[in-house]
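Please brief me on this protein model.

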Amino acid sequence: MRLISLLRLAAQAETLRWKRTGRGVAIQAALGAGAAVFGLMLLIMLHVAALIWLARDQGGAGAALIIAAVDLVVAGLLGWLAARHAEDPIQVEAQRVRDDALRQVGDTASRAMMLAPCCAAGR
């Protein structure tokens with residue numbers, strides 16, 4: 001009976017872990033897509049304004065190079081933010097519970113296997 005309870009607990013912990021993982025990925029994707037759309041619109045407007053403003057002093061080519069350098073910095077920052085991986089504490093705890101339950105299942109099963117020859121010989 002304990003073996004079934006441990007297996008059920010491990011399955012529940014694994015289900016919770018996968019749900020939380022999927023939820024986190026979906027939220028990250030949605031936020032990233034929203035940020036990308038608004039960031040693109042903002043960059044277009046900033047590019048136009050900066051190009052007009054810088055072209056007065058730097059000329060067209062100089063203004064374009066300055067804007068390209070700023071774009072490189074912004075792209076690097078956004079890429080770094082996208083590459084970060086923050087773990088969900090509930091997901092980590094569910095994985096720990098699953099691992100503990102499966103370890104106990106293995107211990108229980110190995111004990112049962114060791115006792116099986118003894119019980120069979122007594123009959």
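Buried residues account for 11% of the 123 residues in the protein; buried means under 20% relative accessible area, exposed over 50%, and partly exposed in between, with a 1.4 Å probe and protein chains only. This is a predicted model, where local features need pLDDT of at least 70, side-chain atom pairs count only at pLDDT 80 or more, and totals for chains, interfaces and linings use all residues. Numbering runs from 1 along each chain as its sequence is written, and side-chain values use heavy atoms, with hydrogens and water left out.

**Overall form**
- The protein has two helices and zero strands; these are DSSP runs numbered from the N terminus, with helices (H or I) of at least four residues and strands (E) of at least two.
- The radius of gyration is 29 Å, well over the 14 Å from the globule rule for 123 residues, so the protein is more spread out than a compact globule.
- That radius is taken over C-alpha atoms, and the globule rule is 2.2 Å times the number of residues to the power 0.38.
- The C-alpha trace spans about 100 × 20 × 15 Å along its principal axes.
- Of the contacts with a separation of 6 or more, 73% join residues 24 or more positions apart; contact means heavy atoms within 4.5 Å.

**Surface and charge**
- The accessible surface is about 9500 Å², and 72% of it belongs to carbon and sulfur atoms.
- Areas come from the Shrake-Rupley method with a 1.4 Å probe; for residues, only the protein chains shown count as cover.
- The mean positions of the 13 positive and 9 negative charges lie 11 Å apart.
- Lys and Arg count as positive, Asp and Glu as negative; His and the chain ends are not counted.
- Each charge is placed at NZ of Lys, CZ of Arg, CG of Asp or CD of Glu.

**Arg17**
- Arg17 lies in helix H1, residues 2-83.
- Arg17 counts as buried, at 12% relative accessibility.
- Its side chain makes a polar contact with the side chain of Glu14 at 3.1 Å.
- A polar contact is a pair of N or O atoms within 3.5 Å; within protein, one must be able to donate a hydrogen and the other to accept it, and residues adjacent in sequence count only if both atoms are side-chain atoms.
- Not counting residues up to four places away in sequence, Arg17 touches Gln91, Ala94, Gln95 and Arg98.

- Leu9 is in helix H1 and is partly exposed at 36% relative accessibility.
- Leaving aside neighbours within four places in sequence, Leu9 contacts Val97 and Ala101.
- Leu9 and Gly76 are 67 residues apart in sequence and 43 Å apart in space, C-alpha to C-alpha.
- Ile44 also lies in helix H1 and is partly exposed at 48%.
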